[in-house]
Amino acid sequence: MKTVTRALVVRAVDYKDSDKILTLLTPDMGKLSAGARGCRKKGSAIAAACQLLCWSELVLSDRGGKWSVSEASTLREFLGVCRDLDKLALACYFAEMAEVLSVEGMPSPGLLSLTLNSLHALERLDRPPEQIKAVFELRLMCLAGYEPDLSCCARCGAPEPVEPWLSLRGGAVYCAQCRGASSSAVTPLLPETLAAMRHVVNADPKKIFSFTLGDAGRRQLARVCEEYTAMQLERGFASLDYWKKVKD
C-alpha cells in the first residue's frame, strides 16, 4: 500500500550505512516514523527531502506494518534557518517540542501549523529569536491543553489586574493585592507582557507574531513563557540547553 502526504521532518537518525529513520509530522496522519533507505547515498533522489526541518511531499510505502519513503520532493527547506547556527539550534528546540507533544497517528494540524509558522518567522520575519521562541512555547502550551487563564484576576475578577502576577503552576493571573490567594509561587508581569501573552493566546494563528515589545517586556516574556512551559511539562529539553550555549 502506498500513500501520499506532506510532512515536516522533526527528527532524523542515521541508520546502517546509508539509511535514516525519520520522525514526521503530517497534516492527515499525525506523527509517524518512516525509514528512508539509501537517502545518505551520493545522488539519492530523496536525500534533500529527508533532511531535518524539511517540509516535503512524500510517497510512503507500507512494508510489513512499517512506513518507508519511496519517493520525495522538497517543498521548503528553510535554508535561512539551517545556515544560521543560532536559528538552527532554536529550530531544533521547536522540532523536539513538537515531537514530544504530538501523538503517534493522531492528526494535530494546529501543532503542525504552529511549527511551520514559527520556522517561517525565524527565517523571514524581523522579530528577535527569543520573542519567536516565547510565542511558540505559549501557543504550543495552549494547543497541548495547558492554556493559562489570563482573562482577569483569578481572585477578584478584575479584567485589568493592578500590577499583575502570574502563577506558573496554576496558570492564572492575579492582582498584586490578590496574589496571596495563589496556592503556588507567582511571578510579576509588566502590563505589556500580559498584553502580549493575551495576544498570543487569543490571536488568529496567522497573526500571533504581530506585536512589538520593549526590551524589558521582551526579556520578561521570554523568561516567563520558558518557565511556564517547563513547569507545566515538568521536564527540560536538551535542544533548549544547546541553543542557550550557542546564542551566548
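Select Glu-137 to begin; this residue is placed in helix α4 of what is a predicted model. At 0% relative accessibility, Glu-137 counts as buried. Display its surroundings: leaving aside residues up to four places away in sequence, Glu-137 touches Tyr-93, Met-97, Ala-222, Cys-225, Glu-226 and Thr-229. Next, pick the C-alpha atoms of Glu-137 and Glu-226, which are separated by 6.8 Å although the two residues are 89 residues apart along the chain.

Remain in helix α4 and select Lys-133, which also lies there. Is Lys-133 buried or exposed? Its relative accessibility is 2%, so Lys-133 counts as buried. The residues that Lys-133 touches, not counting those up to four places away in sequence, are Leu-90, Tyr-93, Phe-94, Ala-222, Glu-226, Leu-240 and Trp-243.

**Helix α4 as a whole**

Now widen the selection to residues 129–143, which form helix α4. The end C-alpha atoms of α4 are 21 Å apart, and this agrees with the 21 Å that its 15 residues should span at 1.5 Å a residue. Twelve of those 15 residues are buried, so α4 is largely enclosed by the rest of the structure. To see the buried set, colour Gln-131, Ile-132, Lys-133, Ala-134, Val-135, Phe-136, Glu-137, Leu-138, Arg-139, Leu-140, Met-141 and Cys-142. What do the buried residues of α4 pack against? Their partners are α2, α3, α5, α6 and α7. Past the end of the helix, select Gly-145, which follows α4 and has a positive phi near 95 degrees.

**Helix α5**

Proceed to α5, residues 191–202. This helix has twelve residues and reaches 17 Å from its first C-alpha to its last, close to the 16 Å expected at 1.5 Å a residue. Within α5, the residues Thr-193, Leu-194, Ala-196, Met-197, Arg-198, Val-200 and Val-201 are buried. Bring up the elements that cover them, which include α4, the strands β6 (149–153), β7 and β8 (172–174), and helix α6.

**Helix α6 and the residue after it**

Select α6, residues 215–233, next. The helix has 19 residues and extends 27 Å from its first C-alpha to its last, close to the 27 Å expected at 1.5 Å a residue. Its buried residues are Gly-217, Arg-218, Gln-220, Leu-221, Ala-222, Val-224, Cys-225, Glu-226, Tyr-228, Thr-229, Gln-232 and Leu-233. Among the elements covering these residues are α2 (85–101), α4, β7 (165–167), β9 (186–188), α5 and α7 (238–247).

Step just past α6 to Glu-234, which takes a positive phi of about 55 degrees. Glu-234 is found in the loop between α6 and α7. Is Glu-234 buried or exposed? With 62% relative accessibility, Glu-234 counts as exposed.

**Lys-16**

Move to Lys-16, in the loop between β1 (2–15) and β2 (19–26). Phi of Lys-16 is near 55 degrees, a positive value in a residue other than glycine. Lys-16 is exposed, with a relative accessible area of 62%.

**The cysteines**

To finish, display the cysteine sulfur atoms. How many disulfides does the structure hold? The number is zero. Select Cys-175, which is in no disulfide: the nearest cysteine sulfur belongs to Cys-156 and is 3.7 Å away. A disulfide would need the sulfur atoms to be within 2.5 Å. Cys-175 is buried, with a relative accessible area of 4%. Then select Cys-178, likewise in no disulfide, for which the nearest cysteine sulfur is that of Cys-153, 3.8 Å away. Cys-178 is buried too, with a relative accessible area of 5%.

Key. Residues numbered from 1 in each chain as written. Predicted model: local features only at pLDDT ≥ 70, side-chain atom pairs only at ≥ 80, totals over all residues. Heavy atoms only, no water. Axes fitted to C-alpha atoms, helices over the stretch in contact; angles between N-to-C directions. Helix = DSSP H or I, 4+ residues; strand = E, 2+ residues; numbered from the N terminus. Expected span 1.5 Å × (residues − 1). Buried < 20%, exposed > 50% of the residue type's maximum accessible area, 1.4 Å probe, protein only. Contact = heavy atoms within 4.5 Å.
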